[in-house]
Each structure stands twice: as C-alpha cells, then as structure tokens.
Amino acid sequence: MVAIKIPKKNVEHIMKRHSDWVQMLGLKSVAEVQVFLSRVVSQPDEVHSDKHASGVKYFLKRLQEAGDKLLCVVVVREEVKTAYLINRQKYIKYRARRWA
C-alpha cells in the first residue's frame with residue numbers, strides 16, 4: 001500500500017472550510033486532524049475511484065456523531081486534498097455519476 005500524505009496546508013483548508021465535522025469530533029489541532037484522516041484512509045468503510053479523473057479516490061467513513069452522513073476524504077495521487085460530510089442523497093448522486 002502506498003503511504004498517503006496529509007499536508008498541513010490541506011488540513012488547514014479542511015479546518016477552515018469544512019469545520020462542521022472537525023468541531024463535531026472535538027478535533028482542535030492540525031496534528032489531531034491529520035491523525036484522524038490517517039485512520040480514515042487506512043480503515044475506510046468504502047473506497048471509490050473517480051470515473052472522470054484518474055488518480056482521484058474517495059475514502060468514506062460512517063461517523064456515529066454525524067447521523068446519516070458520511071465523511072468523504074478526497075485523495076488525489078496519494079495526497080489528501082479535502083474532507084467533507086455527505087448525506088445519503090449526495091452519496092446516491094456520486095455513486096451514480098462520479099464513482100467507478
């Protein structure tokens with residue numbers, strides 16, 4: 001398995017733009033988010049490849065704290081780019097249109 005990088009600048013983006021799940025889990029620092037994301041990509045519930053973009057994968061993890069939502073971690077060529085929550089409706093849409 002290839003090691004997936006989780007750059008500080010990308011985690012800072014996640015903490016700023018997608019803070020809902022970060023706050024929900026009580027994660028306070030870049031290091032805490034990096035550790036959590038590392039666990040998600042090493043033990044996802046599902047992994048999907050992008051139908052339209054090579055080198056892009058979506059690592060999904062169900063979070064009890066998020067109710068019916070899943071955390072979607074987007075990895076581009078072995079680097080975490082972003083992570084956000086998706087609901088069931090978005091999951092169905094992505095599964096039909098975006099994921100291989």
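**Loop, helix and core features of the predicted model**

In this predicted model, Glu78 is found in the loop between strands S3 and S4. The phi angle of Glu78 is near 65°, a positive value in a residue other than glycine, and with a relative accessibility of 36% this residue counts as partly exposed, because that value lies between the limits of 20% and 50%. Arg77 lies in the loop between strand S3 (70-76) and S4 as well, and its phi, near 50°, is likewise positive although the residue is not a glycine. At 52% relative accessibility, however, Arg77 counts as exposed, since the cut-off for that class is over 50%. Such values deserve mention because most residues other than glycine have a negative phi.

Helix H1, which spans residues 8-17, has Asn10, Val11 and Ile14 as its buried residues. These residues cover an arc of only 100° around the axis, which places them on the same side of H1. An α-helix has 3.6 residues a turn, so residues three or four places apart point the same way. The face of H1 that is turned away from the buried side carries the exposed residues Lys8, Lys9, Lys16 and Arg17, whereas the buried residues pack against helix H2 (19-24), helix H3 (30-42) and strand S4 (79-86).

The largest nonpolar core contains 20 residues, of which Trp21, Leu37, Leu71, Val73 and Val80 touch the most other members. Two or more residues are given to this core by each of the elements H1, H2, H3, S3 and S4, and H3 gives the most, with five residues. When residues up to four places away in sequence are not counted, Leu37 touches Ile6, Val11, Ile14, Trp21, Val73, Val80 and Ala83. A second, separate core consists of eleven residues, among them Leu60, Leu70, Cys72 and Val74. In soluble globular proteins, nonpolar side chains tend to be buried together.

Notes. Residues are numbered from 1 along each chain as its sequence is written. This is a predicted model: local features need pLDDT of at least 70, side-chain atom pairs count only at pLDDT 80 or more; totals for chains, interfaces and linings use all residues. Side-chain values use heavy atoms; hydrogens and water are left out. Buried means under 20% relative accessible area, exposed over 50%, partly exposed in between (1.4 Å probe, protein chains only). Helices (H or I, at least four residues) and strands (E, at least two) are DSSP runs, numbered from the N terminus. The arc is that of the directions from the helix axis to the C-beta atoms. Contact means heavy atoms within 4.5 Å. A nonpolar core is a set of buried Ala, Val, Leu, Ile, Met, Phe, Trp, Tyr and Cys residues joined through side-chain atoms within 4.5 Å.
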